[in-house]
Amino acid sequence: MPNRSKTILVVDDERDLRETLAELLEMSGYRVAQAANGLAALELLAAAPMPGMVLLDKMMPVMDGYEFLLHVRDDPNYRELPVLMMTADSGFRAPPETLGLLYKPLDLDKLLRLVAQHCPLG
């Protein structure tokens, strides 16, 4: 699926982390959309152009990252949307429907490399 935009959707209930990631990604040349939980992210997907990829936290209130992922993969419009999960749960393994998993605290250099690989700016 060709990326429709250079926007990264950051979905995490930790506002400070969302804002830090947004700032880092914007300084790297990306546009960033933010959502505090999976339900808000689904609403954003329905109302905005398709992002280039999603950075998705696993554990959130209202709708967690795994439930969001199931909704996205069930929708033919979003089935191919690149999703990179993040979690502090060291026992969690990346679902096969994702690009992979980053453990918190995040390795920001690795995160930027993965974003650039799956959502290139150039």
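**A close look at the helix packing**

A: Happy to! The crossing of α1 and α4 is right-handed. Please keep in mind that this is a predicted model. In the crossing, Leu-21, Leu-24 and Leu-25 of α1 meet Leu-108, Leu-111, Leu-112 and Val-115 of α4. By class, the residues of this contact are seven nonpolar, no polar and no charged. As for the geometry, the axes of α1 (residues 15-27) and α4 (residues 108-118) come within 12 Å and cross at roughly 55°. That angle makes α1 oblique to α4.

Let's stay with α4 for a moment. Its buried residues are Leu-111, Leu-114 and Val-115. Around the helix axis they cover an arc of only 100°, which puts them on the same side of α4. On the face of α4 turned away from the buried side you will find the exposed residues Asp-109, Arg-113 and Gln-117. The cover over the buried residues of α4 includes α1 along with the strands β1 (7-11), β3, β4 and β5 (100-103).

Pro-105 lies in the loop between β5 and α4. The peptide bond that joins Lys-104 and Pro-105 is cis, with omega at about 0°.

Now turn to the other pair of helices. α2 and α3 pack with their axes 9 Å apart, at an angle of about 30°. With angles under 35 degrees counted as roughly parallel, α2 and α3 are therefore roughly parallel to each other. This crossing, too, is listed by its hand: α2 passes α3 in a right-handed crossing. From α2, the residues that take part are Gly-38, Ala-41, Leu-42 and Leu-45, and they meet Phe-68, His-71 and Val-72 in α3. Sorted by class, the contact of α2 with α3 has five nonpolar, two polar and no charged residues.

Helix α3 has a buried side of its own. Gly-65, Phe-68, Leu-69, Val-72 and Arg-73 are the buried residues of this helix, which spans residues 65-74. Looking down the axis of α3, you would see them fall within an arc of 130°, so they line one face of the helix. Covering these residues are, among others, α2 (38-47), β3 (53-57) and β4 (83-87).

Not counting residues up to four places away in sequence, Val-11 touches Ala-35, Asn-37, Gly-38, Ala-41, Val-54, Leu-55, Leu-56, Asp-57, Met-60 and Met-86. For a sense of distance, Val-11 and Leu-81 are 70 residues apart in sequence and 14 Å apart in space, C-alpha to C-alpha.

Asp-57 is buried, with a relative accessible area of 3%. Leaving out residues up to four places away in sequence, Asp-57 touches Val-11, Asp-12, Asp-13, Gly-65, Met-85, Met-86, Thr-87 and Lys-104.

Thr-87 counts as buried, at 0% relative accessibility. Neighbours within four places in sequence aside, Thr-87 is in contact with Asp-57, Lys-58, Met-59, Phe-92, Leu-101, Leu-102, Tyr-103 and Lys-104.

Val-62 sits in the loop between β3 and α3. Although Val-62 is not a glycine, it has a positive phi of about 70°. Val-62 is exposed, with a relative accessible area of 64%. The other is Pro-96, placed in the loop between β4 and β5. Pro-96 counts as exposed, at 76% relative accessibility. Pro-96 and Met-53 are 43 residues apart in sequence and 16 Å apart in space, C-alpha to C-alpha.

How values were computed. Residues numbered from 1 in each chain as written. Predicted model: local features only at pLDDT ≥ 70, side-chain atom pairs only at ≥ 80, totals over all residues. Heavy atoms only, no water. Axes fitted to C-alpha atoms, helices over the stretch in contact; angles between N-to-C directions. Helix = DSSP H or I, 4+ residues; strand = E, 2+ residues; numbered from the N terminus. Parallel < 35°, antiparallel > 145°, perpendicular 65-115°, else oblique. Left-handed = near helix turned anticlockwise from the far one by under 90°. Contact = heavy atoms within 4.5 Å. Nonpolar A, V, L, I, M, F, W, Y, C, P; charged D, E, K, R; others polar. Buried < 20%, exposed > 50% of the residue type's maximum accessible area, 1.4 Å probe, protein only. Arc of directions from axis to C-beta.
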